[in-house]
Amino acid sequence: MNKGWIGLVLVSMVLMLVACSGEASENSEGSQESDGPVKLSMWVHVSEDTLEGKAYKTRAKAFNDANVGKIEIEVQYIARGGGGTGYEDKVNAALTTSSLPDVLTLDGPNTGAYAKSGILLDLSDRLPEESKNDFLNTALQQGTYEGKLYSLAIQESTVAVFYNKDMFVQAGLCKSVESCDQDLGITVEDPWTQDEFKQIATTLKNKFNKPAIDLHLGSQDEWVTFGLAPFIWTNGGELISEDGIEVQGYFNSENTAKGFAFIQSMINEGLSAAVPEDNAFEVGIYPMSLSSAWTIPLMKYSYVDTVPHWGVLPYPVGESGKLHVPTGSWAFGVSESTKHPEEAAKIAEWMTNKESTIMVTNATGLLPAKASAYAEVSKYKEGPDKLFMDQLIAGGHPRPNVFAYPELTFSFQQAIDRIVNGKDVGETLDQLTKQLEVKLERHKR
Amino acid sequence: MNTFTLGLIAVFILILAVCVLWDIRKSGEFKFKWSHSLAGYLFMAPALVLIVLFVIQPIVLSLWYGFTDYYLLEPNNIHYIGLNNFSSLTKDLSGQGDFYHALKNTLYFMLFCVPLQIAVALGLALLVNKPRKGGGFFKVAFFSPVVMSLAVTSFLWLYMLRPDEKGLINGLLVKMGIPVQGFFTDPDQAMNLIILLSAWQGAGMQMIIFLAGLKNISRDLYEAAQLDGANRWKSFLNITMPGLKPITLFILITTFIAASRLMIQPMILTGYKEFTVTLSYLIYNEGYVFKMVGYASAIALLVTVLIGSMTLVQRYVLREVD
Amino acid sequence: MKGMTVNNKGFRLLFIYLFMSVLAVLFLFPTVWMLAASTKPDVLIYSETGKLSSFIPNITDGSVFLRNYAILLTDYKIWRFMLNSSFYSAFIVVGNIIVSSMAGYALAKFHFPGKTFLLGLIVFLIVVPIETTIIPLYTIVHRLGLTGTIFAVLIPPLVSVFNIFLFRQSFVSVPRELEEAAIMDGASKLQVYYHIILATSKPIIATIATLNFIGVWNDYIWPIMVLPAPSGNGDWPLYPIQAALNTLAQQPMIETGQIMAALTLATIPLIVVYALAQKYIVEGFSTAGIK
């Protein structure tokens, strides 16, 4: 019997010991061993076996090889799961304990919030001028908060209209699949207006008795803001004031309402669907799809049978007469708390230099954020990749770089959801503006 | 170990000591035996250590956050702001904002899902309780949604309940001359569907607790009743029901609490909508998406008080059963 | 007359089986679909969506039948994560059952000062919503120096107020005479706990263990937060299967069929444990033979 009691007491004591032994092992990440190289930790948001993960791995290894005995990066690959779980949870958790890695990746629109909270190191003066100037303007804008550069874009991304040439020929919109691009004559320099876009869509809808374009309205994530906000901008609308404090008179301005009204009219007239069929464009049911560059490899390799002839058209232009397309992807940042800012900045720069950019964009199918990489890769000189790149340079409009971006994009998604389900545009925007104001109020402290 | 943890342990021991002294004073003729009491404490000890460290400590911190402006990105910049969070919640409530909808939806869900799920679970348990050929198969079948990935079940239900004629159910309805239904996109249907699906997915869990309860009812009682000429229905009313009472109270309270935490189903099936958002979903959204931990913790605190008092009322009302 | 009762009984039985079968279809269809999809290439899965054949495994083409599983086991070495999960779950469930049942025993069978407070505390703690406590819990576990080690996954879940309460409710109804008889025979409290309380409560232990196992096996948010991500330098990874699945689903080259195969592999242990426990609940009762 006594043995049992002793066991019990022992178990409790061990638990107590475990509990009390804390704080002994403080975070050793980023520490320097007496003689060896400076060791830095880096977190990336994809898993290691992905093409993108492999690209980071290769580039990190190249960095280590180039800096033997001086700097060594150790990469952790933390995949993002559904709904932002995984990577973001891990970053948030590390934030609360000040145990962020030296270098980390972040989604471009997070730059504002992270910079405002002092999580990211100001890289403005830690980067060679020529490296800074090599970034495309849109990438610099996305990484800049209140005049300082905080995050370096890994790549760029934008949206265009994919179209099914065979269906366009059948609808009499162009003579043959070979001449379709010329017949339409819609280019980045001379894009189509919303009205022309609607006209063509109506012809297609009447011909095939199906919605003309998949706007991917079924997805309830960042796509909605990324893909559809240009309709607001191109009508002269805004979502939020530049300083990120005011939404009244921006989110519900007359011009903003015009953009939303246009999207609503697309649904009301049956030109697009609130709940589109799965892969409707890819399998040849809808003649058009608003999508990002990641669709290019899919069309080339996975859907050759269902849509053999396809092309890409620029984003339609609204009342402002100016082309607006979304931009932005993930970026590298340096943690403010790093013990080795010099070396960490060097790594961030390396991971976004020309060679890294080329390797990563090759893996993801997205666009380079560096002019030198753009100049060197031949695929951006012709075909769909060229159109994407031209659009980005001509009309790239980064999403608002404000600290309350999560609230803003949430309200935008709610607005789209309500107006495509038939709610009055003006009323919806006024309502959401009010709610958004309450949320912004909470940031004042 | 930091001062907060030490302080918490000290406070905990103090409260415990006060309660101990109180009990001893009150005990009157029914005195405590020291060796007996000591044994009781020792049996509790491992659990208590773990509870204080890993359950109470985070809860106390979270309750404290409810009175602060904790913003997830600035953990070193937390200020006490008194009742500000709560006053903005009352404002939200009167202005029919997010909190109002979340509260309304959660109460609606609990009101209908809890009885439905318990009834389904009891029905299933009674069906499979009697040893029959192939009974094991049915036990596994009815339990399987509990262990299925929500991603798989949601994918299939969403496909079957698509809001256009491509959907399996809508396709059938259209053939029968009934117009296309909105299902998860329809504000009037979405929450009811979530109730049905949650009961479907979760009933297996309560079924096995009911089964454990049924096994505890002695077979002799049934045999005696049969000898007395009682029919099935009578034995169910007079033996099964009373026999299941203690376990039913437990199931009621746990299902009730689980229902108050509904989050994943609306998240996957409808996304954040005014007509399906629940309290837990709102807490998640405010705390993790908007990173307003202080405000989210204030909501959690209110929910705790609300659900806690409702649970106590249930316990009180059903006390004679315990 | 007699023939009719038999007939009636037969109809009854037929009806019950028919009814149960309809229910079984309603409850099993996602599982069947998952199993079927796990044996198919993606082209087939999508071309069959909405058709009855999507619920039938791909038996016609033997060459691809187990291809998804082969890829998972060789390319992704998914068995390593399964082993991790088995170890974590076994450790936590056994530990949790011991810790929680001891506490439940104390609260059910001992008369000591402060008991009302502790019982009230347990009930209160069950009610508190846990959504907001995960961040403070992380801070605490980090302060204890456990983040990045498997102890962060193993130690906090060793206690569950829910299980303590469930054990307490169950132990209350163990007849006092049994305990007293054992004590008369000179048994210690610990022996009573082991030989009387636990021995007569096998069904409830099996039930709680099953529920606990499901919860532990399916958790992925916490393990991802506290464990280092698989590093790929050949070291044995620390992720449990659900955390690895969360990662796997994000792979751009992954096929739906492979995800379904992985989900199947992750679900099988749950079904097996449940089926075994079910059997045990019945046996446990017949051997205990009380009440």
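# Briefing on chains B and C of a predicted model

Read along the sequence, chain B follows the pattern α-α-α-α-α-α-α-α-α-α-α-α-α. Chain B holds 13 helices and zero strands, where helices (H or I, at least four residues) and strands (E, at least two) are DSSP runs numbered from the N terminus. This is a predicted model, in which local features need pLDDT of at least 70, side-chain atom pairs count only at pLDDT 80 or more, and totals for chains, interfaces and linings use all residues. Residues are numbered from 1 along each chain as its sequence is written, while chains are lettered from A and ligands numbered from 1 in the order in which they are written.

**Chain B as a whole**

- Taken along the principal axes, the C-alpha atoms of chain B fill a box of roughly 70 × 60 × 35 Å.
- Of the 322 residues in chain B, 43% are buried; a residue is buried if 20 or more other C-beta atoms lie within 10 Å of its own, exposed if 12 or fewer, and partly exposed in between, with C-beta atoms placed from the backbone.
- Among contacts in chain B between residues at least 6 apart in sequence, 64% join residues at least 24 apart; two residues are in contact if their C-beta atoms, placed from the backbone, lie within 7 Å.
- Thr90(B) lies in helix H3 (residues 84–94) of chain B.
- Thr90(B) is exposed because 12 other C-beta atoms lie within 10 Å.
- From C-alpha to C-alpha, Thr90(B) and Lys245(B) are 39 Å apart in space, and 155 residues separate them in sequence.

**UniProt annotations of chain B**

- For "transmembrane region", the unreviewed UniProt entry lists residues 6–24, 45–67, 107–128, 140–160, 193–214 and 288–313 of chain B; UniProt positions are given in the numbering used here, feature names are shortened, and annotations may be inferred rather than shown by experiment.
- Residues 140–160 of chain B are 90% helix and 0% strand, and their end C-alpha atoms lie 24 Å apart.
- Residues 288–313 of chain B are 88% helix and 0% strand, with end C-alpha atoms 32 Å apart.
- The UniProt annotation "domain: ABC transmembrane type-1" (unreviewed entry) covers residues 103–314 of chain B.
- Over residues 103–314 of chain B, the chain is 76% helix and 0% strand, and the end C-alpha atoms are 19 Å apart.

**Helix packing in chain B**

- Helix H4 (residues 98–129) and helix H8 (residues 190–215) of chain B pack at an angle of about 45°, with their axes 6 Å apart; axes are lines fitted to C-alpha atoms, for helices over the stretch in contact, and angles run from 0 to 180 degrees between N-to-C directions.
- H4(B) and H8(B) are therefore oblique to each other; angles under 35 degrees count as roughly parallel, over 145 as roughly antiparallel, 65 to 115 as roughly perpendicular and the rest as oblique.
- The contact of H4(B) with H8(B) has 19 nonpolar, six polar and no charged residues; Ala, Val, Leu, Ile, Met, Phe, Trp, Tyr, Cys and Pro count as nonpolar, Asp, Glu, Lys and Arg as charged, and the others, Gly among them, as polar.

**Chain C**

- The "transmembrane region" annotation in the unreviewed UniProt entry covers residues 12–36, 87–108, 117–138, 144–167, 192–217 and 259–277 of chain C.
- Residues 87–108 of chain C are 100% helix and 0% strand, and their end C-alpha atoms lie 31 Å apart.
- Residues 259–277 of chain C are 100% helix and 0% strand, with end C-alpha atoms 28 Å apart.
- Ser21(C) is found in helix H1 of chain C and is partly exposed, with 14 other C-beta atoms within 10 Å.
- H5(C) and H9(C) pack at an angle of about 50°, with their axes 7 Å apart.
- That angle makes H5(C) oblique to H9(C).

**Where chain C meets chain B**

- In this interface, 64 residues of chain C are in contact with 69 residues of chain B.
- Several helices of chain C each supply at least two residues of the side that touches chain B, among them H1 (2–37), H5 (78–109) and H15 (256–288).
- The residues on that side of chain C divide into 45 nonpolar, 15 polar and four charged.
- Helix H2 (residues 34–65) of chain B packs with H7(C) at an angle of about 125°, with their axes 8 Å apart.
- H2(B) and H7(C) are therefore oblique to each other.
- Phe54(B), Gln57(B), Pro58(B), Leu61(B) and Ser62(B) of H2(B) make the contact with Pro136(C), Leu137(C) and Ile140(C) of H7(C).
- The residues of this contact divide into six nonpolar, two polar and no charged.
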